[in-house]
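Visitor: Hi, I've just got this one open on my screen. Could you walk me through it?

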Amino acid sequence: MGLIRLIILALLVYLVWRLIKTVTSRGSKSVPQSTERMLRCAHCGVYVPEHLALPHKTHHFCSHEHRQAWLEQQGD
Ligand SMILES: [Zn+2]
């Protein structure tokens, strides 16, 4: 019976080792975090990444259409 106990023990050690490895690899995995600013479209209020936003003076827009529409609303 000694061999079976040894196998069970080895299996338990293996399972624990796998569990620890899974937990630690999950913990150390770097989550890609966007440091890019999100800018609010002055016309529709939608948030767009800075590189996609269309600036106009102090405002930003999600599309050319919204920039044009906003400019027409401002009347100048
Ligand atoms: Zn918009």
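Visitor: Where is lysine 57 found?

Guide: Lysine 57 sits in the loop between strand 3 (54-56) and strand 4. Helices (H or I, at least four residues) and strands (E, at least two) are DSSP runs here, numbered from the N terminus. Before we go on, this is a predicted model: local features need pLDDT of at least 70, side-chain atom pairs count only at pLDDT 80 or more, and totals for chains, interfaces and linings use all residues. Residues are numbered from 1 along each chain as its sequence is written.

Visitor: OK, and is lysine 57 buried or exposed?

Guide: Lysine 57 is exposed, because it has 6 other C-beta atoms within 10 Å. The cut-offs are 20 or more other C-beta atoms within 10 Å for buried, 12 or fewer for exposed, and partly exposed in between, with C-beta atoms placed from the backbone. Lysine 57 also has a positive phi of about 55°, although it is not a glycine.

Visitor: Stepping back, what pattern does the protein follow along the sequence?

Guide: The pattern reads α-β-β-β-β-α, with two helices and four strands.

Visitor: And where is confidence lowest?

Guide: That would be helix 1 (residues 2-28), at a mean of 88, while strand 4 (residues 59-61) is highest at 97. The score is pLDDT, the predictor's confidence in each residue, from 0 to 100. The protein averages 89, and 87% of the residues score at least 70.

Visitor: Which residues make up the largest nonpolar core?

Guide: Five residues: Leu39, Ala42, Ala53, Phe61 and Cys62. A nonpolar core means a set of buried Ala, Val, Leu, Ile, Met, Phe, Trp, Tyr and Cys residues joined through C-beta atoms within 7 Å. Of the 76 residues of the protein, 9% count as buried.

Visitor: What does alanine 42 touch?

Guide: Leaving out residues up to four places away in sequence, alanine 42 touches His59, His60, Phe61 and Trp70. Contact means that the C-beta atoms, placed from the backbone, lie within 7 Å.

Visitor: How about arginine 40, what is it in contact with?

Guide: Gly45, Tyr47 and His60, setting aside neighbours within four places in sequence. Arginine 40 is in strand 1, and its C-alpha is 6.4 Å from that of histidine 60, 20 residues apart along the chain. Arginine 40 counts as partly exposed because 15 C-beta neighbours lie inside 10 Å.

Visitor: Last one: where does glycine 45 lie?

Guide: Glycine 45 is in the loop between strand 1 (38-40) and strand 2 (47-49). Glycine 45 is exposed, since it has 9 other C-beta atoms within 10 Å.

Methods
Contact = placed C-beta atoms within 7 Å.
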